[in-house]
There are 2 protein chains.
Amino acid sequence: MTDTVKVYTHNFLLTAAQCNAQRELAPAMLVQQIIEVSTEHADAIGVGFKNLAADGNLWVLSRIAIEMKRYPKLLENYSLSTWVESYNRHFSERNFEIRGSGGEIIGYARTIWVAINMKTRRPANLSGFDFLADVVSDKVCPIDRQDKIRPAETPQMCHSYTFQVSDIDVNRHVNSSRYVELIINQMDLETYDNFFVARFEIEYRRESHFGDEVEVCSSFSSDGKSLVSTINHGDTTVCLARTVTLPR
Amino acid sequence: MTDTVKVYTHNFLLTAAQCNAQRELAPAMLVQQIIEVSTEHADAIGVGFKNLAADGNLWVLSRIAIEMKRYPKLLENYSLSTWVESYNRHFSERNFEIRGSGGEIIGYARTIWVAINMKTRRPANLSGFDFLADVVSDKVCPIDRQDKIRPAETPQMCHSYTFQVSDIDVNRHVNSSRYVELIINQMDLETYDNFFVARFEIEYRRESHFGDEVEVCSSFSSDGKSLVSTINHGDTTVCLARTVTLPR
C-alpha cells in the first residue's frame with residue numbers, strides 16, 4: 001500500500017459564499033469538510049460506508065478535537081490531509097493536518113469514529129477489517145487528545161432551539177456540523193471579531209431528530225479560558241463541547 | 001469572445017455531508033451554488049466583485065426563480081451552467097441550466113443582480129461595462145420570469161427567528177441561502193418526504209443583520225398549489241417567496 005493512500009489529501013478553495021462574517025472558514029464548515037474527507041479516505045481504503053453497510057454496520061462520529069493557529073481565509077487555497085492513527089474492533093482514530101495556501105500547517109484535528117450496527121445501534125465488530133493494519137500511519141498529530149468535558153452544574157447561559165428541516169442530514173439525524181453552529185452561536189458576532197476559536201472539542205453522545213427541542217447551555221471555566229457547552233434534549237445529553245478562544 | 005465564456009459550467013458531486021434528509025441537494029444549497037457559480041463567471045468575464053469594487057460598487061442578488069424536475073441525488077455528478085441573458089446600466093439577468101449525471105436537463109434558474117454603490121446603497125451606473133454586450137448569450141431559459149409575489153393579509157403560520165453568528169456572511173449580512181432555509185422550514189420533514197419543491201421564487205428586499213428578530217409568515221394560495229412566505233423585520237419586508245411543491 002502506497003503512502004498516498006495512507007495519507008489522503010483533499011484541496012479546497014474558500015469561496016465568498018462559504019465564508020463566515022470574519023471572512024474565514026467557519027469551525028462548523030471545517031467539521032463538515034473533516035467528515036467529507038474522512039468519508040473519501042475510508043472509501044479509498046475499503047472501509048467506507050458501503051463496505052460497512054454490507055455487514056449492516058455504520059460509522060458514527062464520536063469525538064472531534066480541533067486546534068487552529070488560524071482559519072483559511074476568503075479565496076485561500078487550503079488542504080485537509082487525513083490518516084488513520086489507530087483502529088481496533090470497535091473504533092478508529094483518524095487525524096487531520098490543515099495547510100494554508102503557502103503549504104504551511106495552520107491546524108490539526110483528531111477524530112474518533114465508532115462502528116455500530118444499523119439496527120441495534122450497539123457497537124459493531126470490525127474484526128473483518130484487519131487489512132486496516134496496512135493503512136495505519138505513524139504520521140504525528142501533535143495536539144492533545146480530547147479531555148473529559150465536565151459541564152457546569154449551573155450554566156451561565158441557555159438558549160432553546162427546535163431542530164428544523166434544514167438541520168437534518170442524509171441519515172435523518174441532526175447534521176453533526178449543525179451542533180457546532182449552535183455552540184458557536186452561544187457567543188455574539190463581536191466576540192468572533194476579536195477572538196478566534198483556537199481549540200474546539202465536541203463529544204457526540206446521542207442522535208437528535210427533526211422537531212426535538214434542545215437546550216444549549218454554556219459556562220466559562222473558572223480561569224475564563226474555555227467555554228463548556230452542553231446540548232440537552234430533556235434529561236439526555238446529546239453532546240458536550242469545549243471552546244477555547246484566543247485574541248486575534 | 002468564445003462560447004466557453006458566454007456559457008460557463010461548474011461540475012459538482014453531491015457528497016453525503018451535503019445532502020438533505022431526502023438524500024438530495026437542498027434548495028438552499030442550490031441557491032448557494034447559484035451564487036458561487038455566478039461569482040465565478042462574473043470574475044471570468046471581468047465584472048466580478050473586484051471589478052465593481054474598483055468603482056465602489058457591488059452586485060446584490062435581487063431575485064431568483066428556480067424550476068426543477070428533480071434535484072441532484074446523493075453521490076450524483078451534476079452541473080450548473082450559467083449565462084447572461086441581458087444587462088443594462090443597473091442590473092443583469094443571469095440564467096442557469098442544471099444537468100444530472102447523464103447530462104439530462106433537470107432544472108433551470110433565473111436570477112436578477114442589481115449593482116449598487118457600497119456606501120450610498122443606491123443603484124450604481126454600470127455604463128463602463130459596455131463590453132458585457134459581447135458575453136450576452138441567446139441561450140434559451142424556458143422557465144417563466146418571476147411574478148409579483150403578493151403576501152396574504154392574514155398569514156396561516158408564523159414563526160419568529162433571531163439571526164445568529166452562523167447566519168452571517170462575508171458582507172456582514174444574513175446569508176442569502178439562509179432565508180431559503182427559513183422558508184423551507186415553514187413545512188415539516190414529512191411534507192418534503194412526499195413532495196418536492198418544483199418551483200421556488202424569492203425576492204430579496206432588504207438586508208438583515210446579526211441579532212435581527214424576524215417573523216417568517218406563510219399562507220397557501222386559494223388553489224393550494226403554492227405557499228407564499230414573507231420574512232418581516234418589524235414593519236419592513238426583508239424578503240418574499242413563493243414555493244410550489246409537487247408530489248414525488
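Let me begin with chain B, where helix 2 (27-44), strand 3 (77-87) and strand 4 (91-99) each give at least two residues to the lining of the largest cavity. Helices here are DSSP runs of H or I with at least four residues, strands are runs of E with at least two, and both are numbered from the N terminus. A cavity is a set of points on a 1 Å grid over the protein atoms alone where a 1.4 Å probe fits but cannot get out, and lining residues have an atom within 4 Å of a point.

This is a predicted model, with local features needing pLDDT of at least 70 and side-chain atom pairs pLDDT 80 or more, while totals for chains, interfaces and linings use all residues. Residues are numbered from 1 along each chain as written, chains are lettered from A and ligands numbered from 1 in written order, and side-chain values use heavy atoms, without hydrogens and water.

The largest cavity holds about 130 Å³, a volume being the space filled by probe spheres set on grid points joined across faces, edges and corners. Of its 14 lining residues, Ser38(B), Ala42(B), Trp59(B), Arg94(B) and Trp113(B) are closest to the centre. Helix 2 of chain B gives the largest share, four residues. By class the lining has eight nonpolar, four polar and two charged residues. Nonpolar covers Ala, Val, Leu, Ile, Met, Phe, Trp, Tyr, Cys and Pro; charged covers Asp, Glu, Lys and Arg; the others, Gly among them, are polar.

What about that helix? Of the 18 residues in helix 2 of chain B, 15 are buried, that is, under 20% relative accessible area with a 1.4 Å probe and protein chains only. Just after the helix, Gly46(B) has a positive phi of about 85 degrees.

Now chain A. The second largest cavity holds about 110 Å³, and its lining includes Ser38(A), Ala42(A), Trp59(A), Arg94(A) and Trp113(A). Helix 2 (27-44) and strand 4 (91-99) of chain A each supply two or more of the lining residues.

Last, packing. The largest nonpolar core has 131 residues, and Ile202(A) and Ile202(B) have the most contacts inside it. Such a core is a set of buried Ala, Val, Leu, Ile, Met, Phe, Trp, Tyr and Cys residues joined through side-chain atoms within 4.5 Å. Apart from it lies another core of five residues, including Trp83(A) and Tyr108(A).

Note on methods
On a 1 Å grid over the protein atoms alone, a cavity is a set of points where a 1.4 Å probe fits but cannot get out, and a pocket is an open set with protein on both sides within 12 Å along at least five of seven lines; lining residues have an atom within 4 Å of a point. Buried means under 20% relative accessible area, exposed over 50%, partly exposed in between (1.4 Å probe, protein chains only).
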